[in-house]
Amino acid sequence: PNIDRLAAEGARFETAYTTCPVCSPARATIMTGLYPHAHGVCSNVHNLGCSVHELADRPELLSRRLGAAGYRCGYSGKWHLGTDSETLFGGPNRPSLPKDVGFEGQNFPGHGGGGFGYPEYHDYLEERGLEHKVVQAGDEPPRVGNCGILHGPVESTVPCFLAENTIELMNRFAADGDPFFLWHNFWGPHGPYYAPREFYDMYRDVEIPPWPNFHWPARDINRPHQVKIHARADELTWEDWAEAIRHYYAFTSLIDQQIGRILAHLETSEHLRNTIVIFTADHGETLGSHGGLTDKGWHHFEEIQRIPMIVRLPGTLRTGEAQPGRVIEQWTSLADIHPTILQMAGAQPDESELHGRSLMPLLRGEGTPWRDRIFVEFNGVNSLATSMVSMRRG
């Protein structure tokens with residue numbers, strides 16, 4: 001309901017695509033406005049095959065450009081653009097974390113596997129007398145794996161912990177009278193799929209129809225997608241996948257609830273009337289589609305390349321045809337987020353040096369000429385390399 005609210009009050013981009021369906025390359029695109037082949041984070045950081053393992057600090061980064069324009073930048077959640085390690089493949093390394101490139105707030109290194117292991121999260125649990133404990137939904141664990149029920153209230157979850165941090169940053173920046181940019185990063189619904197029972201129960205008895213491409217002959221087609229066929233795909237039934245999807249939906253609903261908390265705080269503190277809200281993601285998920293695929297990366301399929309993108313403008317920025325609830329059909333890219341935010345903040349981007357374009361003309365309904373195709377690249381991950389480019393047109 002809260003993501004739906006954003007779409008109803010803003011504009012939803014129907015054909016938005018990532019620049020690369022892997023975490024680190026896509027996140028570096030938001031920071032740089034460039035495709036991975038140009039910014040160098042072409043695989044997950046600290047994987048063999050990645051050219052740049054720590055996002056280098058430079059004036060062109062989104063956070064540095066916003067800082068120069070007078071904005072304080074806050075960070076919550078998953079980073080995955082650097083680590084706190086002093087060594088890289090046996091040699092010296094210069095770590096790069098959010099606080100190294102102009103952010104305040106959380107400073108989690110690496111990927112983090114869902115955020116469960118970070119000291120700040122455990123301090124948060126201890127202060128509130130809570131625990132992070134995963135239990136099974138029923139008598140048997142899900143055969144697909146990576147799923148579970150969290151034993152404890154919503155307050156014990158990582159999404160709630162992250163929302164608390166973002167709300168605290170809002171209050172801190174507002175008390176100082178500073179304009180702010182907050183980058184809030186939920187780990188989910190990236191696996192593992194953990195949510196309290198109340199969210200799982202929303203879907204427990206819901207029949208989930210098979211993906212239309214579930215019976216695609218993945219093993220019989222010799223292409224790179226074979227890297228991501230589930231090891232037990234031949235013995236898993238659709239109901240096995242449906243049970244994993246119920247956990248995925250439960251996790252998504254938990255995140256939606258926390259998005260609602262953030263929106264509610266913006267509203268009660270009277271910031272929503274002059275705050276732009278952007279909702280998007282770095283990549284999609286497969287969850288059994290195309291013959292039992294898992295994860296992402298190694299194929300040219302919509303499930304992993306097409307992403308959500310919603311922009312909610314306050315009334316003061318709406319002009320022309322920019323009415324709430326619009327669906328915008330033009331091809332948009334994750335590379336467009338960087339110049340869009342800079343233009344919104346008054347830090348005019350030099351689009352000749354970027355791969356993206358500001359979305360403001362589309363949001364304002366100005367009828368500007370736009371691209372007629374979209375590109376997605378993939379260079380490998382987990383120390384396996386490839387060279388893949390998708391083009392979508394028409």
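A residue is called buried here when its relative accessible area is under 20%, exposed when that area is over 50%, and partly exposed in between, with a 1.4 Å probe and protein chains only. Helices (H or I, at least four residues) and strands (E, at least two) are DSSP runs, numbered from the N terminus. This is a predicted model, in which local features need pLDDT of at least 70 and side-chain atom pairs count only at pLDDT 80 or more, while totals for chains, interfaces and linings use all residues. Residues are numbered from 1 along each chain as its sequence is written, and side-chain values use heavy atoms, with hydrogens and water left out.

## The chain as a whole

The protein chain has 12 helices and 16 strands, and its C-alpha trace spans about 55 × 50 × 50 Å along the principal axes. A compact globule of 394 residues would have a radius of gyration near 21 Å, and the protein chain agrees with this at 21 Å; the radius is taken over C-alpha atoms, and the globule rule is 2.2 Å times the number of residues to the power 0.38. Of the 394 residues, 54% count as buried. Among contacts (heavy atoms within 4.5 Å) with a separation of 6 or more, 72% are accounted for by residues 24 or more positions apart.

## Helix α1 and its neighbours

In helix α1, which covers residues 2-9, the buried residues are Asn2, Leu6 and Ala7. Seen down the axis of α1, these buried residues fall within an arc of 155 degrees, so they line one face of the helix; the arc is that of the directions from the helix axis to the C-beta atoms. An α-helix has 3.6 residues a turn, so residues three or four places apart point the same way. The partners against which the buried residues of α1 pack are β1 (11-13), α8 (238-268), β11 (277-280) and β12 (309-312).

Two packed helices are described by the angle between their axes and the distance between the axes. Axes are lines fitted to C-alpha atoms, for helices over the stretch in contact, and angles run from 0 to 180 degrees between N-to-C directions. Angles under 35 degrees count as roughly parallel, over 145 as roughly antiparallel, 65 to 115 as roughly perpendicular and the rest as oblique.

For α1 and α8, the packing angle is about 50 degrees and the axes are 8 Å apart, and the two helices are therefore oblique to each other. On the α1 side the contact is made by Asn2, Ile3, Arg5 and Leu6, and on the α8 side by Asp256, Gln257, Ile259, Gly260, Leu263 and Glu267. By class, the residues of this contact of α1 with α8 divide into four nonpolar, three polar and three charged, where Ala, Val, Leu, Ile, Met, Phe, Trp, Tyr, Cys and Pro count as nonpolar, Asp, Glu, Lys and Arg as charged, and the others, Gly among them, as polar.

Helix α5 (residues 119-127) packs with α6 at an angle of about 95 degrees, with the axes 11 Å apart, which makes α5 roughly perpendicular to α6. Glu120, Tyr121 and Tyr124 of α5 meet Val158, Cys160, Phe161 and Glu164 of α6, and the contact of α5 with α6 has five nonpolar, no polar and two charged residues.

Ile167 also lies in α6, which covers residues 158-175, and Ile167 is buried, with a relative accessible area of 12%. Leaving out residues up to four places away in sequence, Ile167 touches Arg261 and His265.

In helix α11 (residues 337-344), seven of the eight residues are buried, so the helix is largely enclosed by the rest of the structure. Those buried in α11 are Ile337, His338, Pro339, Thr340, Ile341, Leu342 and Met344. Just after α11, Gly346 takes a positive phi of about 80 degrees.

## Backbone features in loops

Most residues other than glycine have a negative phi, and most peptide bonds are trans. The table gathers two cis peptide bonds and two positive phi values in residues other than glycine.

| Site | Feature | Value |
|---|---|---|
| Gly188 to Pro189 | cis peptide bond | omega near 5 degrees |
| Gly191 to Pro192 | cis peptide bond | omega about 5 degrees |
| Asn146 | positive phi | phi near 65 degrees |
| Asp295 | positive phi | phi near 65 degrees |

Pro189 is in the loop between β9 (180-185) and β10 (193-196), and Pro192 is in the loop between β9 and β10 as well. Asn146 is placed in the loop between β7 (134-135) and β8 (147-150) and is partly exposed, with a relative accessible area of 44%. Asp295, in the loop between α9 (289-292) and α10 (302-305), counts as partly exposed at 24% relative accessibility.
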